[in-house]
Amino acid sequence: IRLYTVEVLYMFCVLSPVVVVNVDGSLVQHPLTCLGSFNREEEGWRRDNDWVWRRDGEEDEEILWMMGEQEKRGNSFLVNLEERTGGGIFTCHSLDKTLLKKTMVLVKHLDEQKRILEGSTGKGYMKCSTRNYQGEFHCSWKFTPTHVGTVMFLKVARGLSDAENVSCSVDASGQQWTCSSSSGQSDIMCSVNSSGLGVSCVDRQYCPYAEETDRITLTIYMRTNYLLEEYSQRFYLSEIVKPDKVSIKEVNSSTIDWSYPVSWNSPISYFPLTFQVKEIEGRERKNGCTCDSPHTEVHTTESSQWSVKAKVTVCVRAQDALCDSPWSDWTEYRGRQKKQKKKNVSQ
């Protein structure tokens, strides 16, 4: 039995305090107090600006703790936490049942093998992307089939030092977060999607014409019941940029060209794209751009024009020419089929 954990986090993102206790599998006992923490120098319990005098170790029999159907008298209450159990909402009252304080205790289990999000430590649990260099990015996740959770707390910053010292606040809806650092390097706003399966953010200090010197660190604290799990992802925007699909148009019966996505940055001389062109022939055409047959030809080009052949499906996708970042989704072009002349049928 351990009386204190390695780390206890206090979150005041809601009206009542939330205590997060790290648990590594062994039994942990964490003390809660109703009227404040004991001040040994003054030999008293402090609650706000009022003093409630008590000798060291003396309990207050006029305070009642309640957790479900459990009741206990005294100013302090010892919470037993083990594995993923023991958390809950603990309230203390006066004997006439007037509420004095409400505290939520969450268990933060350190077992990497048991997670409520799909993924792994190596591959990550969140997928982050951006469609251009405007400072906006989106991260999403999937819950395992047997679990559903909600975002309890969010922290995001540029640079490791700011990630440790960033200050985050949330609006009344509990969905819009703003994280800023005293250094002024980080000023990022994030909004949790209505589906609860992602977060959309904008780095308000980002400049698309300057080189990124520090990665963004996004940390999500996911709650299910009274269990809390922490997930983090670090990235440069240049590592996750995925352009939108290109737009293809027909120049003539034997030539097509495509244009940069409308959402992509300009000028294109400063933000160039490179393209892959896939040509699909024969029976493989029915599978469209998803076809990855070894007989399918894939070409890389800087040009935005291509010669097409009869009965060949052409697929085009784009990538930032200066970074090894994700490719856009394919855009498919199918050449016009030659119309067959109708035969006259004599009566």
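This is a predicted model: local features need pLDDT of at least 70, side-chain atom pairs count only at pLDDT 80 or more; totals for chains, interfaces and linings use all residues.
Two strands count as paired if DSSP finds at least two bridges between them.

Select strands β23, β24, β26 and β27. These 4 strands form an open sheet in the order β24-β23-β26-β27, and the pairing is antiparallel. Strands β24 and β27 (331-334) are the edges of the sheet, as each of them pairs on one side only. On average, neighbouring strands of this sheet are turned by 20° against each other, direction ignored.

Next, show β23 and β26 by themselves. How many bridges join β23 to β26? There are 9 bridges, and the two strands run antiparallel.

Remain with β26 and select cysteine 315, together with cysteine 289. A disulfide is a covalent bond between the sulfur atoms of two cysteines. In this case it joins cysteine 289 to cysteine 315, with an S to S distance of 2.1 Å. Cysteine 289 lies in the loop between β23 (273-281) and β24 (297-301), while cysteine 315 lies in strand β26 (residues 312-320), so the pair ties together parts that are 26 residues apart in sequence. With -95° about the S-S bond, this link is left-handed.

Are these two cysteines buried or exposed? Residues under 20% relative accessible area count as buried. Cysteine 289 is therefore buried at 11% relative accessibility, and cysteine 315 is buried as well, with a relative accessible area of 0%.

**The pair in β12 and β13**

Move to cysteine 128 and cysteine 139, which form a disulfide with their sulfur atoms 2.1 Å apart. Cysteine 128 is found in strand β12 (residues 127-129) and cysteine 139 in strand β13 (residues 136-140); the pair links distant parts of the chain, 11 residues apart. The torsion about their S-S bond is about 115°, so this disulfide is right-handed. Both cysteine 128 and cysteine 139 are buried.

**The pair in β17 and β18**

Now select cysteine 190 and cysteine 201, which are joined by a disulfide with an S to S distance of 2.1 Å. Because cysteine 190 lies in strand β17 (residues 187-192) and cysteine 201 in strand β18 (residues 198-203), the pair ties together parts that are 11 residues apart in sequence. The S-S torsion of cysteine 190 and cysteine 201 is about 110°, so the link is right-handed. Cysteine 190 is buried, with a relative accessible area of 1%, and cysteine 201 counts as buried at 4% relative accessibility.

**Two further cysteines**

Select cysteine 207 and then cysteine 323. Cysteine 207 counts as partly exposed, at 37% relative accessibility. Cysteine 323 also counts as partly exposed, at 24%.

**The whole chain**

Finally, display the complete protein chain and select every disulfide. The count comes to 5 disulfides. When the bonded cysteines are counted along the chain, the pattern is 1-2, 3-4, 5-6, 7-8, 9-10.

Colour the chain by secondary structure to display its 2 helices and 27 strands. Of its 347 residues, 44% count as buried. Among the contacts with a separation of 6 or more, 59% are accounted for by residues 24 or more positions apart.

Notes: Residues are numbered from 1 along each chain as its sequence is written. Side-chain values use heavy atoms; hydrogens and water are left out. A disulfide is a pair of cysteine sulfur atoms within 2.5 Å. Buried means under 20% relative accessible area, exposed over 50%, partly exposed in between (1.4 Å probe, protein chains only). Axes are lines fitted to C-alpha atoms, for helices over the stretch in contact, and angles run from 0 to 180 degrees between N-to-C directions. Contact means heavy atoms within 4.5 Å.
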